[in-house]
Amino acid sequence: MSFAQEVKSAVTPRAALLVIGVLALQLLFIASYVGALHNPKPKEVPFGVAAPGPAAQQAADRLARLPGDPLDPRVVADAAEARAQVLERKIDGALVIDPRGTTDTLLVGSGGGTVLAHALERIAVAVERPQGRTVRTVDVAPASPQDFDGLSAFYLVVGWCVGGYLCASILAISAGSRPANAQRAVIRLGVLALSALAGGLGGAIIVGPILDALPGSVVALWGLGTLVVFAVGAATLALQALTGIVGIGLAVLLIVIAGNPSAGGAFPAPMLPDFWRAIGPALPPGAGTWSARSIAYFKCNAMTGPMLVLAAWAVVGSAITLVRAGMRRTTDDNEVAGRSGGAVGAGPGTP
């Protein structure tokens, strides 16, 4: 056999398409990560302004006119309301103006991302300095000293996501990308659920009692981790049920390439370009990272939306997996019945 014939025999159309798919994922990975993270800058950051009388609105209007629109200022009643809204994650910072002196107070919550907190401090100082005023920064939800740049929550969620799609992928590699029937699909989802429980607990213990990287309830983090792992795994099983082994690549595209850079881990969402800021909250890494930080630093506030996102991925992924498995069994039964019918009807004189 000649070399050309060997190549033709070895490189099947399916293999060629898979290689092309891997190349596409590689380039999309580069484009997504560099596109999202190469030039972070605050854009329309929810920001409160508190001051007596008309001074609050005047200050808010001045902040709204800053070049590049780094802030989305809104007036809040007073310092207590500003603090409450930061802790509730309705705003990312607030400037409390004291007209009786020359020092104003900037409230931030570095537990939501130290990079953003530092950026808000730089903006506030730059705005106040020309007026002869100084800024005192108060961190109402400080990141743990063991949580450098507030990244531990993000890395924890990335680990949970990896566990979810790897578990689903291993089930596909070992027993076929599509479950043979609904019962097999239930078994796969059951294995995934057990893996999610173990992975969620293990991750919560590692970042909490073992490394002391994140404060907050271990039980709450365990519950979050279980949901993240199961949601990602169920989504991967659903993609495999719909597209076969290609579903593994689609899961990588969804979770790793689109989800991780838009999750607000390295840079919180207000510092990301519009596209990544828009998709991040709807994907498991973004919903998980937001929730982990809320558990650790914000008294579990503002978690309803992200938890519903994760639950939707889990429920829809499970439903698609079960429905597709049931459809496959029905199709197989019809094919068997058709063959059996043809055999029974066959006889002398049958064409």
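Mentor: Gladly, and keep in mind that this is a predicted model. Let us start with Asp-98, which has a relative accessible area of 24%.

Trainee: Why is Asp-98 called partly exposed?

Mentor: Buried means under 20% and exposed means over 50%, with partly exposed in between. Asp-98 has 24%, so it is partly exposed.

Trainee: Why is the contact between Asp-98 and Arg-100 called a salt bridge?

Mentor: The rule asks for a side-chain nitrogen of Lys or Arg within 4 Å of a carboxyl oxygen of Asp or Glu. Here the N to O distance is 3.1 Å, so the pair qualifies. The structure holds five salt bridges.

Trainee: What makes Asp-104 and Arg-133 another such pair?

Mentor: Their side chains come to 2.6 Å, N to O, and the limit is 4 Å, so this is a salt bridge as well. The pair links distant parts of the chain, 29 residues apart. Asp-104 sits in strand S4, while Arg-133 lies in the loop between helix H5 and strand S5.

Trainee: Are these two partners buried or exposed, and how do you know?

Mentor: Asp-104 has 0% relative accessibility and Arg-133 has 17%. Buried means under 20%, so both carry that label.

Trainee: How do you know that Arg-133 and Glu-128 form a salt bridge?

Mentor: The N to O distance is 3.9 Å, which is within 4 Å, so the pair meets the rule. Glu-128 has a relative accessible area of 1%, so it is buried too. Salt bridges that share partners join Asp-104, Glu-128 and Arg-133 into one network.

Trainee: Let us turn to cavities. How many are there of 30 Å³ or more?

Mentor: The count comes to one. About 50 Å³ of space lies in the largest cavity.

Trainee: Which residues line the largest cavity?

Mentor: Phe-47, Leu-63, Leu-71, Leu-95, Leu-120, Ile-123, Ala-124 and Val-127. H5 gives the most to this lining, with four residues.

Conventions:
Residues numbered from 1 in each chain as written. Predicted model: local features only at pLDDT ≥ 70, side-chain atom pairs only at ≥ 80, totals over all residues. Heavy atoms only, no water. Buried < 20%, exposed > 50% of the residue type's maximum accessible area, 1.4 Å probe, protein only. Helix = DSSP H or I, 4+ residues; strand = E, 2+ residues; numbered from the N terminus. 1 Å grid on protein atoms, 1.4 Å probe; cavity = no way out; pocket = protein on both sides within 12 Å on 5 of 7 lines; lining within 4 Å. Points joined across faces, edges and corners; volume = space filled by probe spheres on them.
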